[in-house]
Amino acid sequence: MQEWTHKEWIKEKNTNRTTAYYLYTPMCGTCQVASKMLSVVTELLPDLPIGKANLNYVQEIAGMYEVESVPCLLITENGKLKEKIYAFQSVPYLYGKLKSVDEYSRSW
């Protein structure tokens, strides 16, 4: 999972049918666990564009998408926000959420 700037996020979500953008802060313990879970999921779904950003450096995104806390995973389809996930729960949960988006994207 690569770090994306705000501009890179805009480009990815407008270029790809589906994307995910993981927002975190470095001092957040829950974010560290969420990062590890997402790293497993990205290995299982290598074709799904997933980026990450330290929310301290992309604060405008917090306002645009009304991000209430971190960790937060923004999932888009056709450039529009489809889902916002705060409770990452487990690797299988995240995998299921992102796999369904990835499969939907491939069906087009």
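1. Helices (H or I, at least four residues) and strands (E, at least two) are DSSP runs, numbered from the N terminus. With that in hand, Ala20 stands opposite Ile50 in strand 3. Five bridges join strand 2 to strand 3, and the two run parallel.

2. A word on what you are looking at: this is a predicted model, in which local features need pLDDT of at least 70 and side-chain atom pairs count only at pLDDT 80 or more, while totals for chains, interfaces and linings use all residues. Residues are numbered from 1 along each chain as its sequence is written, and side-chain values use heavy atoms, with hydrogens and water left out.

3. Strand 1 pairs with strand 3 (residues 50-54) in the parallel sense, over two bridges, and Gln2 stands opposite Gly51 in strand 3. Four of the five residues in strand 3 are buried (buried means under 20% relative accessible area, exposed over 50%, partly exposed in between, with a 1.4 Å probe and protein chains only).

4. Which residues touch the most other members of the largest nonpolar core? They are Tyr22, Leu38, Leu73, Ile75, Phe88, Leu94 and Leu98, out of 19 residues. (A nonpolar core is a set of buried Ala, Val, Leu, Ile, Met, Phe, Trp, Tyr and Cys residues joined through side-chain atoms within 4.5 Å.) Strand 2 (18-24), helix 2 (29-44), strand 4 and helix 4 (91-106) each give at least two residues to this core, with the largest share, five residues, coming from helix 2. Apart from this core lies another, of 13 residues, including Leu23, Ala53, Val58 and Val67.

5. Ile75 deserves a look of its own. Leaving aside neighbours within four places in sequence, Ile75 is in contact (heavy atoms within 4.5 Å) with residues including Thr19, Ala20, Leu98 and Val101.

6. For the aromatic rings, there are six pairs in the structure. Trp9 and Tyr65 make an edge-to-face pair, 6.3 Å centre to centre with 70° between the planes. Rings of Phe, Tyr and Trp (its six-membered ring) pair if their centres lie within 6.5 Å; planes under 30 degrees apart count as stacked, over 60 as edge-to-face and the rest as tilted. Both Trp9 and Tyr65 are buried, and together with Trp4 and Tyr21 they form one aromatic cluster.

7. Finally, the cysteines: how many disulfides does a search of the whole structure find? It finds zero, a disulfide being a pair of cysteine sulfur atoms within 2.5 Å. The closest cysteine sulfur to that of Cys72 is in Cys31, 9.7 Å away and too far for a bond. Cys72 is buried, at 0% relative accessible area.

Technical notes: Two strands pair if DSSP finds at least two bridges between them.
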